[in-house]
Amino acid sequence: MRRGAGFAPASSSHGRTFRSLDLFLRLTVIPLSAASLWVMATNKQANDAYGKVEFSNITGLKYLVCTNAISLGYAAASILLSFLGCFDSDWLFFILDQQVFAYLMVTSGSAATEVMYLAYQGDTEASWSEGCSYYGKFCSKGKASLFLHFAAFVCFVALSLLSAYEVFSKYEAPPLSSKDVGDQAG
């Protein structure tokens, strides 16, 4: 059992199941984030009429790449910290999983989704034409990177739920007074 994990003792099948699921999700984030990062970081296409487009020309896509790199590093570090058991990591993982990385993943994914939406649809009110008919390969790779990114995000959502369970399962619910029970019944 990893020290400070907040799970039931290692002899408990319930504790082993949660620990295994936690490890599986953290291990799953690594290749998903790495693949999303690689696909987007290598995304570029040249067009004779309109020039060259690269992910680094678009702020929303750079944000996606940076978030994937940070998430990849965090997932690897969290696995290492879990196995070292140097300190009680329940609250740290709860805060980082839920309050930092899940939100970073959703904001960067949203920014990149907006960019890709505009690339596919354009914005006639702003006089922007769509660009994917000219840069089809770029758009396809961007869409693939977004899919991988959102799969990693789903893992972080599940990790957030697991981390919350780990932290709050250590505490008992506050006792209800007879007045509270009467208020709930009526």
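Leaving aside its neighbours within four places in sequence, which residues is Leu25 in contact with? In this predicted model, Leu25 is in contact with Cys155, Ala158, Leu159 and Leu162. Leu25 is found in helix α1, which covers residues 13–41.

Of the contacts in the protein with a separation of 6 or more, 75% are between residues 24 or more positions apart. Buried residues make up 37% of the 186 residues.

Helix α2 runs from residue 59 to residue 84. At 1.5 Å a residue, its 26 residues should span 38 Å, and because the end C-alpha atoms are 37 Å apart, the model agrees with that expectation. Buried residues in α2 include Gly60, Leu61, Leu64, Val65, Thr67 and Asn68. Further along α2, Ser71, Tyr74, Ala75, Ser78, Ile79 and Ser82 are also buried. The spacing of such positions can be read against helix geometry. An α-helix has 3.6 residues a turn, so residues three or four places apart point the same way.

Next come the helix pairs. Two packed helices are described by the angle between their axes and the distance between the axes. For α2 and α3 the angle is about 155 degrees and the axes are 9 Å apart. Angles over 145 degrees count as roughly antiparallel, so α2 is roughly antiparallel to α3. The crossing of α2 past α3 is left-handed. On the α2 side, the residues that meet α3 include Gly60, Leu61, Tyr63, Leu64, Thr67 and Asn68, and also Ile70, Ser71, Tyr74, Ser78, Leu81 and Ser82. On the α3 side, the residues met by α2 include Phe93, Leu96, Asp97, Phe101, Leu104 and Met105. Also among them are Thr107, Ser108, Gly109, Ala111, Ala112 and Val115. By class, the contact of α2 with α3 has 14 nonpolar, nine polar and one charged residue.

Helix α3 (residues 90–121) also packs against helix α4 (residues 136–168), at an angle of about 160 degrees and with the axes 8 Å apart. That angle makes α3 roughly antiparallel to α4. The crossing of α3 and α4 is left-handed. The residues of this contact divide into 21 nonpolar, 10 polar and four charged.

Asp90 lies in helix α3 and counts as buried because its relative accessibility is 2%. The C-alpha atom of Asp90 is separated by 9.7 Å from that of Tyr165, 75 residues apart along the chain. Ser145 lies in helix α4. Is Ser145 buried or exposed? Ser145 has a relative accessible area of 0%, so it is buried. Not counting residues up to four places away in sequence, Ser145 touches Ser36, Val39, Met40 and Leu64. Leu64 is one of the buried residues of α2.

Methods. Residues numbered from 1 in each chain as written. Predicted model: local features only at pLDDT ≥ 70, side-chain atom pairs only at ≥ 80, totals over all residues. Heavy atoms only, no water. Axes fitted to C-alpha atoms, helices over the stretch in contact; angles between N-to-C directions. Helix = DSSP H or I, 4+ residues; strand = E, 2+ residues; numbered from the N terminus. Parallel < 35°, antiparallel > 145°, perpendicular 65-115°, else oblique. Left-handed = near helix turned anticlockwise from the far one by under 90°. Nonpolar A, V, L, I, M, F, W, Y, C, P; charged D, E, K, R; others polar. Expected span 1.5 Å × (residues − 1). Buried < 20%, exposed > 50% of the residue type's maximum accessible area, 1.4 Å probe, protein only. Contact = heavy atoms within 4.5 Å.
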